Amino acid sequence: MSLLHLEYRLAPEHPLPAAVDDTLAFYRALLRDGISSSRLIIMGDSAGGGLTLLTVQALLARHLPIPRAIITMSPWTDFSSSARNTLDNIHQWIEAQFQRQIND
């Protein structure tokens with residue numbers, strides 16, 4: 001078994017879809033080298049988990065063969081950070097920081 005790690009371009013210097021383009025180019029290169037999609041698993045955590053989902057979505061949109069499996073761990077899927085729980089968490093964090101400053 002082989003494990004390959006992709007260093008993709010990161011935001012904010014390289015906004016989406018740069019990272020998706022990188023993963024697609026890498027995936028296509030593996031297919032061109034004769035590696036069957038049935039032997040590939042894409043895995044990512046946090047933002048990489050979200051990128052994993054975006055990559056599979058891009059593969060489907062381009063009618064490319066999908067990998068055998070995907071694994072995501074705590075995928076970041078709200079890239080706009082607009083979900084209600086995100087906003088609540090940000091508010092709670094700011095409030096906690098303010099309280100710390102008052103208590104110090």
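The legends below describe close-up views of a predicted model. Local features need pLDDT of at least 70 and side-chain atom pairs count only at pLDDT 80 or more, whereas totals for chains, interfaces and linings use all residues. Residues are numbered from 1 along each chain as its sequence is written, and side-chain values use heavy atoms, with hydrogens and water left out.

**View 1. The largest nonpolar core.** Ten residues make up this core, namely Ala 19, Val 20, Leu 24, Tyr 27, Leu 30, Leu 40, Ile 42, Leu 51, Ala 58 and Leu 59; such a core is a set of buried (under 20% relative accessible area, 1.4 Å probe, protein chains only) Ala, Val, Leu, Ile, Met, Phe, Trp, Tyr and Cys residues joined through side-chain atoms within 4.5 Å. Helices α1 (18–32) and α2 (47–61) each supply at least two of its residues, and α1 gives the most, with five; helices are DSSP runs (H or I, at least four residues) numbered from the N terminus.

**View 2. The packing of α1 against α2.** The two helices, α1 and α2, pack at an angle of about 60° with their axes 9 Å apart, the axes being lines fitted to C-alpha atoms over the stretch in contact and the angles running from 0 to 180 degrees between N-to-C directions. Ala 19, Val 20, Thr 23, Leu 24 and Tyr 27 of α1 meet Leu 51, Leu 54, Thr 55, Ala 58 and Leu 59 of α2, where contact means heavy atoms within 4.5 Å.

**View 3. The surroundings of Thr 52.** Thr 52, found in helix α2, counts as buried at 2% relative accessibility. Not counting residues up to four places away in sequence, Thr 52 touches Ile 42, Met 43, Gly 44, Ile 70, Ile 71 and Thr 72, and its side chain reaches the backbone nitrogen of Gly 44 at 3.4 Å.

Conventions
Buried < 20%, exposed > 50% of the residue type's maximum accessible area, 1.4 Å probe, protein only. Polar contact = N/O pair within 3.5 Å; in protein donor to acceptor, adjacent residues only side chain to side chain.
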